[in-house]
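Here are my notes on this one, written for someone opening it for the first time. Keep the view beside you as you read.

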Amino acid sequence: MDEVISIKGNRTRGGAARIGDAVTCGSGPIDYVAKADLDQEFPFFRSSVRKFRRGDVIAGAGVLIDMFARVQRGMISASAPLPDGREFIVEIIPKGGLIGELEVLRKQSLSLEYRASSDCELHFFDGRLLRELCAKDPQFQVKILSKALARVSELELRLISNAGSSLRQRLARTLLRLSAIYGTDAQNSGDELIISQNDLAATLPASREKVNQCLRRLRESKVVDGTQGKIRILNRKALEAYAEGTASAA
């Protein structure tokens, strides 16, 4: 691993920092800069830039740090533990997505664990500046809260939809949703998904064995293909039919 996240002080599961912990990258110091964000989404300077490798824990549930982050490159998974000990990946946050902005506004600790789903770069911002800007600029506050509400609404609709669906439907819908997320990157058509079978099972959520069975049927039907850690969509229309429940049973 080119970069090792080192934590000074108390630790949480997976090496995420607690309150007041110092976080550094083993390959060099954090890049503190005084340069505005590239797309000028936030009219104040970022505090730091940090790079993570796939699988690195960025922050654990229960952490209270007065900073929030914007995903500048790569993807982040937000997860919570299930009662049976399995992991449930609640959402996958793509480039441009925010982490911890609501917790900063509410002065609350994080409720989910955030982990790098791919090699990624995050830009961190001072939480105090976000609260001050929201207090001074109602339009900016509406923008931030509207983004957060859209994410919550999408999650709610997805959970309701999945409640009465078969595993095959849920898998097809998840692959299409991930395809849309990957498609936001200009360098990715959205047809090739970089995701492990463990993470895919945790996203549904379902057992890895049952997910593998469904994937095998989709491969046999020439709907998807792939190798370990990658899934390629071959027949999008057929996958959409599975997602809608209109495809004939294999």
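1. Helices here (H or I, at least four residues) and strands (E, at least two) are DSSP runs, numbered from the N terminus. Before going on, bear in mind that this is a predicted model, where local features need pLDDT of at least 70 and side-chain atom pairs count only at pLDDT 80 or more, while totals for chains, interfaces and linings use all residues. Residues are numbered from 1 along each chain as its sequence is written, and side-chain values use heavy atoms, with hydrogens and water left out.

2. What joins β10 to strand β5 (residues 67–73)? Six bridges do, and these two strands also run antiparallel. Look for R73, which stands opposite E121 in β10. As for cover, six of the seven residues of β10 (residues 120–126) are buried, where buried means under 20% relative accessible area, exposed over 50%, and partly exposed in between (1.4 Å probe, protein chains only).

3. Now put those strands together. They belong to an open sheet of four strands in the order β3-β10-β5-β8, with antiparallel pairing. β3 and β8 (98–99) are at the edges with a single partner strand each, so one side of each is left without a neighbour in the sheet. Two strands count as paired if DSSP finds at least two bridges between them. Helix α2 (residues 127–136) lies across β5 and β10, running at about 60° to β10; the axes are lines fitted to C-alpha atoms, for helices over the stretch in contact, with angles from 0 to 180 degrees between N-to-C directions.

4. The structure holds one aromatic pair. Its rings are those of F68 and F125, with centres 5.3 Å apart and planes at 20°, so the pair is stacked. F68 is in strand β5 and F125 in strand β10, so the pair ties together parts that are 57 residues apart in sequence. F68 and F125 are both buried. The cut-offs: rings of Phe, Tyr and Trp (its six-membered ring) pair if their centres lie within 6.5 Å, and planes under 30 degrees apart count as stacked, over 60 as edge-to-face and the rest as tilted.

5. Is M67 buried or partly exposed? Partly exposed, at 24% relative accessibility. Setting aside neighbours within four places in sequence, M67 is in contact with S47, S48, V104, F124, F125 and G127, contact meaning heavy atoms within 4.5 Å. M67 and G100 are 33 residues apart in sequence, yet their C-alpha atoms are 7.3 Å apart in space.

6. There is another open sheet of four strands to find, in the order β4-β9-β6-β7, with antiparallel pairing. β4 (57–59) and β7 (87–93) are its edge strands, each pairing on one side only. From one strand to the next, the twist averages 35°. Strand β6 (residues 76–81) and strand β9 (residues 113–116) run antiparallel, joined by four bridges, and I76 has A116 in β9 as its bridge partner.

7. On to the helices. In α7 (residues 236–244), the buried residues are L239, A241, Y242 and A243, and they pack against α4 (167–182), α6 (208–220) and β13 (230–233). At the start of α7, a side-chain oxygen of N235 comes to within 3.4 Å of the backbone nitrogen of K237. After α7 comes G245, with a positive phi near 80°.

8. T174 lies in helix α4. With a relative accessible area of 4%, T174 is buried. Beyond its neighbours within four places in sequence, T174 touches L200, T203 and L204.

9. Finally, the overall tally. The protein has seven helices and 13 strands, and 44% of its 250 residues are buried. Of the contacts with a separation of 6 or more, 67% are between residues 24 or more positions apart.

Conventions
A polar contact is a pair of N or O atoms within 3.5 Å; within protein, one must be able to donate a hydrogen and the other to accept it, and residues adjacent in sequence count only if both atoms are side-chain atoms.
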